[in-house]
Amino acid sequence: MKKTISVLLVLLLLFLFNSFQILNYYLTRISGDIEFNNIETHIISFFVSLSSLISTLISWKWLSKMRVKRLKFIYAFLLTLPLFVLFTSVIYILARASYGLSASLEMLWFNLMFTLSFAHFYVSGLTIAYLFFNETNILEKELIKAKHEMESMQLQMLKKNMEPHFLFNNLSILSSLARKDLNQVDGFIEELADVYRYFLVHNAFDTVPLKDELTFLRKYISLTNRRFDTAYSILLDIDNEEGFIIPFALQICLENAIKHNEGSPTNPLSIEIKRDGDIIRITNPIRFVENTFNTGLGLSNITKRHQFLFDRKLFFGVVNDNFVVEVPIIKIQ
């Protein structure tokens with residue numbers, strides 16, 4: 001129903017505008033005396049068009065200052081009318097006065113009708129259309145810029161969240177190891193220092209060479225084996241080390257598998273990290289540990305970072321009774 005009413009209103013406005021044009025041409029034919037070769041006619045018509053442009057710009061600027069957004073182009077057109085009437089009447093009176101003639105209300109009315117149809121509807125309409133689409137384009141660019149800035153801010157927050165997350169888990173390992181075997185603490189701290197040094201250096205980067213990340217991961221696996229001994233059987237089988245990856249993505253996936261799944265020396269949990277084309281797949285059987293405290297920063301972190309940086313989704317879920325995470329390898333040209 002609303003759509004039908006809108007269409008009818010548009011058709012009515014079009015009919016009225018068309019009738020106004022016909023009336024204007026009819027009056028011009030009856031009582032007009034326009035000559036193309038008359039230079040004064042061109043000068044006056046130019047100033048009429050200029051007054052339409054100026055009145056439109058004034059109206060638009062005032063509405064912008066008043067922060068009018070909704071239906072701004074309609075309000076601009078309506079506000080332009082009284083300004084144009086004022087300007088074009090002054091022009092007509094001055095033009096008549098230059099010839100020593102006066103201007104009656106009837107003549108002013110006829111001049112207004114003529115100039116509206118002759119210049120104002122077109123000049124003002126095109127000007128408003130340009131201003132509207134230009135403003136819309138600027139707003140769209142500002143929204144895109146604001147979105148990018150927000151995503152950049154969120155990305156920086158995700159990176160900052162990595163540091164306490166990393167420390168929390170490894171200090172937990174150190175605490176557990178201190179209770180279990182003090183002789184391994186010194187070696188663990190040295191390896192932890194090497195790993196954390198890598199973390200501090202590469203945390204500022206969006207991507208790192210896969211080769212460097214695998215070197216870091218092997219050291220992290222060594223730390224893990226110190227804590228759990230043979231409870232987790234970690235197979236890192238990647239021969240092709242070309243490409244780039246988000247820092248600590250593999251470490252987080254490995255950490256997630258260990259944290260949420262139970263392993264023991266008598267029944268070790270097998271965790272496989274293999275490359276398949278442009279995907280590194282981390283797979284482990286599901287043996288969920290009950291009442292595990294979950295910070296929610298792990299897989300969520302690297303998933304969001306992939307989304308923000310490369311607009312790519314990171315797959316993780318249950319496949320054939322195994323928990324699988326697929327981390328894409330980034331190709332940087």
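**Helix H6.** I started with helix H6, residues 210–228, in this predicted model, and I noted that its 19 residues reach 26 Å from the first C-alpha to the last, close to the 27 Å expected at 1.5 Å a residue. I then looked at what follows H6 and found Asp 229, whose phi is positive, near 60°.

**Burial along H6.** I listed the buried residues of the helix, which are Leu 210, Glu 213, Leu 214, Phe 216, Leu 217, Tyr 220, Ile 221, Leu 223, Thr 224 and Phe 228.

**H6 against H7.** I next checked the packing of H6 on helix H7, residues 249–260, and found that the two axes come within 9 Å and cross at roughly 25°. I recorded the crossing of H6 past H7 as right-handed. On the H6 side I found the contact to be made by Leu 210, Glu 213, Leu 214, Phe 216, Leu 217, Tyr 220, Ile 221, Thr 224 and Phe 228, and on the H7 side by Ala 249, Leu 250, Gln 251, Leu 254, Glu 255 and Ile 258.

**The chain as a whole.** I finally turned to the protein chain, for which I noted eight helices and seven strands. Of its 333 residues, 34% count as buried. Looking at contacts between residues at least 6 apart in sequence, I found that 75% join residues at least 24 apart.

Key: Residues are numbered from 1 along each chain as its sequence is written. This is a predicted model: local features need pLDDT of at least 70, side-chain atom pairs count only at pLDDT 80 or more; totals for chains, interfaces and linings use all residues. Side-chain values use heavy atoms; hydrogens and water are left out. Helices (H or I, at least four residues) and strands (E, at least two) are DSSP runs, numbered from the N terminus. The expected span of a helix is 1.5 Å times one less than its number of residues. Buried means under 20% relative accessible area, exposed over 50%, partly exposed in between (1.4 Å probe, protein chains only). Axes are lines fitted to C-alpha atoms, for helices over the stretch in contact, and angles run from 0 to 180 degrees between N-to-C directions. A crossing is left-handed if the near helix is turned anticlockwise from the far one by less than a right angle, and right-handed if clockwise. Contact means heavy atoms within 4.5 Å.
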